[in-house]
Amino acid sequence: MSQSDFLRQLPSGAGPMYSQRTLSQRLRIDPVMLFLLLLLSGVGLMVLYSASDENAAVVLRQGRFLSVAFVVMVLVAQLHPEQLQRWAPFAFIGCILLLIAVHFMGVGAKGAQRWLSLGGFRFQPSELAKLIMPMTVAWYLSSHPLPPSWRYTAASLVIIFVPTVLVATQPDLGTSILIAASGMFVLFLGGISWTFIFSAFGLLLAAAWPMWEFVLHDYQRRRILTLLNPESDKLGAGWNIIQSKTAIGSGGFEGKGWLMGTQSHLDFLPESHTDFIIAVLAEEYGLRGVLLLLLLYALIIGRGIWISTQAKHCFGRLLGGSIILTFFVYVFVNMGMVSGLLPVVGVPLPLVSQGGTSLVTLLVGFGILMGIYADERLVHQ
Amino acid sequence: MATIPRRQTLKNTYRERYVYRRRMFVCIVLLMVMTGVLVSRYTQLQILDYDIYKTQSDRNRIQLMPIAPKRGLIFDRNGILLAENIPSYTLTVIRERVDQLDETLAIIGELIELSDDDIEQFKKRLRRRRPYEEVPLKFRLSEKEIAIIAVNRHRIPGVDVDAQLVRHYPQGELFAHVLGYVGRISEREQDTIDPVNYSGTHHIGKIGLEKYYEDLLHGTVGYQNVESNAHGRILRVLERHDPLPGGDIQLHIDAQVQKVAYDAMAGRRGAVVAIDPKTGGVIAMLSTPSYDANLFVGGISGKDYRALQNDNDLPLYNRALQGQYPPASTVKPLWALAGMYYGVVTPATRYADPGFFSLPNDTRRYRDWKRGGHGASVNMDQAIAESCDVYFYELAYKLGIDRLHDFGTRFGLGDVTGIDNTNERGGLLPSRQWKRDTRGSHWYPGETINVGIGQGFMLATPLQIAVATSVLASRGELRAPRLLAAVGGEPVEAPLLGKMEDVPESQWDAIQHSMEEVIYDVRGTGRSLRKGLQYRMAGKTGTAQVISIAAGEEYDSESLEKRKRDHALFVAYAPSEDPEIAVAVIIENGESGGGVAGPVARAVMDAYLLNSPDVASGEQQ
């Protein structure tokens, strides 16, 4: 504690210490993580090329998004966790206001209001919430003794609840799950009591039955059942799942080969560029490809966890841990829903699915992680 | 250490790190378990069930195709078909099977006629299709076009001829204003319908009964799993779930009576509505001129539509439901009944009619239609039979607008009748409140005088006038008129909205007697209808002013343009001892209620009560 405070007060650029630092240290970048992320992005572009019917324009566009996102990541890595900690409460309030604004003046498609349009520039406040949520909870918990008492736990739950509900009612179920998860991870890592966890689960289960039986309308029950079992709705939601399972299953162990996937190339597979892109990979590269991809994810997550445990600041530790665990939730929910294991809620496969906004959010998260790591290395010297 | 207050005593950094590491360890274990679940799921799909999915993907693309349900048929009360489904051949394209769309369209354009409109509409539809859906390109192919396409099939893979059932109205324009029509589902409608249930359906009820009973008529979609070869031709149906056809419905409408009404109108503008007072069932509902609803089913051409829209006689306008006319003298029986009910007059009360009426302390003269008036002492029978205006000016003045409004409301005036059809309008039964709300001024006594003869602010649709007549016939039973009689053989009841049990029988008798005098009195305005009448009829004539005539000015129909002549009205019910039918007829610019509108009503009643014995038996069922 006292040592880091001392170091931060050193005059910047003071003497020999600087000259000894490597390029990556000066850029505050973790080379291992950077390498893994670039590798994953490369795989993503390759799969996208196939998913888009060999459309180079789509791949180039995604490449441009990636470049921008990586630059943003490096810029974010320059921030110190202390700065983020200071900004967190204000960012949270701003984020809530934006989410409320979306409800009143948001624009959107397919019956959901998600976007806010500011002078020709459109963005999704719910994406901001994915990062501001763990920041806020980490700020709140780290400014109190840990493990959190029941009072602080309850207050944190309120912090988590408000943006989650705002996003879920847009409606954007997938994003709200990610937002809630990122906050819950901070609570869990902060040491929330097991008694609390188990009693909350018990309460939830106990409340579910009367809700189902007495509160929900028939049509609401039907919608939930369709969400849980999409194959019952063969022409609607079931179509996507039947086709994606066929794509995955027909890939076998070795796959049909790059650009050879019939399911995706004959347009059977819906959303093949975006949420369902793992089905393209599974069809063309087989189980081999899926396992290699999972390995790549595992390495990224492993490295992220290691970085977070190195952090000596409570805030950085909680934030870093939550970011990397949420990253896993992306992977799990996406691969689970495409394979028919989970309801389809609209979560992209990180760094592989097409789409600019979520890419930036993800890499900003890694930028924060690298910023935490860079500070720790400074401490070690 | 001790110099740092509060926080140091509470926060234990080492313990926090320890807790974090332990918690992270729990997470890592969980992550591994979940990753294990993913790996086993993908192993299950890709290794264990590989054969199933491999075959499924290899078997030349199994497709799930929706099967549209058959739309319910519409019959009249005697089982005559009013709306049916006939096969129609459509040229369809499966986009996924076509390499070069523009090239294919060009080839088709060489083979058969393909308009720019067809192509534009097709491209619109193409944007909202689901994968491997057959998207229609051209409708109603001729036999020759089908043959040409069949011969050239190999040149245009992905293009096919699809046989579909399409709505057809065999009676043409006779029922256009009753049934309405179906048309192709528009983009706006796409957003409101259930996309699954309509996945095989191309048409939807747009207006009229077809729209009102859309849910009943449509049915539930079915689907089939089909196997097809690389060119999109179906080889085999693997699994089939039959659609649930829409319900066949039977109407109260009597097609023969409707036809008689149509012929009796002889091309004049107007409306005829006939209601069964016992059930509220609509026996005939006609608005003339009409149009051929079949034009709209396949999408009406711009030229045809403009012709209908620009027609001065407004054939698209449903006069029976939407035309708001002054009910004129046809309301007189209602006001006479109100007079008795509120104790203002008895059948024996006599008013003097010098040919005009003036309010106390007012010089303005409200003129009777008959110059010189109907005599020094006019009683109720005479006032209704001869349609004496002055009698009703005085009666209305004594009743006052509040009581007129309250009583008229009980006959269904001033609000929609609630018929099972679309776009009904509610007419206008004025009141003090209404005048305050819409005009911002209070009610003048002179305005009551005009309401006394069904003019002034007062407006009613032909349907409302028929309903009011039906209430007279049934002695106080107000029902929402119903077109629908039965669904799939199950009868449907018309809701009873009110019953005027507080009006004594003797007063109903008096009104009925007065209305019979319209027909049977030597000076009755409907006396010309008496000749050869085989049942007893109770009626009332009316002539509605189209333009207001200033006091003292003479009405000279010859000098008026045709469109400014009075509307002719006639209402009646029969047989008066046990009424089975109540009729309202309005003929625009027909001038004479008894002479022009009366014969139409008589023809309708004759057709219903005399002509067809099978009608009576059909009703018994």
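This is a predicted model: local features need pLDDT of at least 70, side-chain atom pairs count only at pLDDT 80 or more; totals for chains, interfaces and linings use all residues.
Residues are numbered from 1 along each chain as its sequence is written, while chains are lettered from A and ligands numbered from 1 in the order in which they are written.

View 1. Helices here are DSSP runs of H or I with at least four residues, strands are DSSP runs of E with at least two, and both are numbered from the N terminus. Nine of the 10 residues of helix 15 (residues 332-341) of chain B are buried, so this helix is largely enclosed by the rest of the structure. A residue is called buried if 20 or more other C-beta atoms lie within 10 Å of its own, exposed if 12 or fewer do, and partly exposed in between, with C-beta atoms placed from the backbone. Among the buried ones you can find Lys332(B), Trp335(B) and Met340(B). Their packing partners in chain B include helix 16 (380-385), helix 17 (389-409) and strand 23 (538-544).

**View 2. The nonpolar cores.** A nonpolar core is a set of buried Ala, Val, Leu, Ile, Met, Phe, Trp, Tyr and Cys residues joined through C-beta atoms within 7 Å. The largest one has 128 residues, and Val273(B), Ala274(B), Val583(B) and Val604(B) have the most contacts inside it. Helix 17 of chain B gives the largest share of this core, 10 residues. Domain 2 (63-251) and domain 3 (255-304 + 318-485 + 493-550 + 558-620) of chain B both contribute, so the core lies between them; the domain bounds come from an automatic or database domain assignment. Leaving aside neighbours within four places in sequence, Val273(B) is in contact with residues including Val282(B), Pro462(B) and Ala584(B). Two residues are in contact if their C-beta atoms, placed from the backbone, lie within 7 Å. A second, separate core of 109 residues includes Val137(A), Trp139(A), Ala247(A) and Tyr330(A).

**View 3. Where chain B meets chain A.** This contact takes 37 residues from chain B and 42 residues from chain A. On the chain B side, helix 2 (13-48), helix 3 (50-58) and strand 1 (62-67) each supply at least two residues. Helix 2 of chain B brings the largest share of that side, 20 residues. The chain B side divides into 21 nonpolar, seven polar and nine charged residues. In this grouping, Ala, Val, Leu, Ile, Met, Phe, Trp, Tyr, Cys and Pro count as nonpolar, Asp, Glu, Lys and Arg as charged, and the others, Gly among them, as polar.

**View 4. A helix pair in chain A.** Helix 8 (residues 150-168) and helix 9 (residues 173-190) of chain A pack at an angle of about 170°, with their axes 8 Å apart. Axes are lines fitted to C-alpha atoms over the stretch in contact, and angles run from 0 to 180 degrees between N-to-C directions. The two helices of chain A are therefore roughly antiparallel to each other, a label for angles over 145 degrees. The residues of their contact divide into 10 nonpolar, six polar and no charged.

**View 5. Two cis prolines in chain B.** The peptide bond from Thr288(B) to Pro289(B) is cis, with omega near -5°. Pro289(B) sits in the loop between strand 14 (282-288) and helix 12 (294-297) of chain B. Another cis bond runs from Ala574(B) to Pro575(B), with omega near -20°. Pro575(B) belongs to the loop between strand 24 (567-574) and strand 25 (581-587) of chain B.

View 6. Arg28(A) is a residue other than glycine, yet its phi is positive, near 60°. You will find Arg28(A) in the loop between helix 3 (23-26) and helix 4 (31-51) of chain A. Arg28(A) is buried, with 22 other C-beta atoms within 10 Å. Leu314(B), also not a glycine, has a positive phi of about 50°. Leu314(B) is partly exposed, with 16 other C-beta atoms within 10 Å.

Note on methods
Angles under 35 degrees count as roughly parallel, over 145 as roughly antiparallel, 65 to 115 as roughly perpendicular and the rest as oblique.
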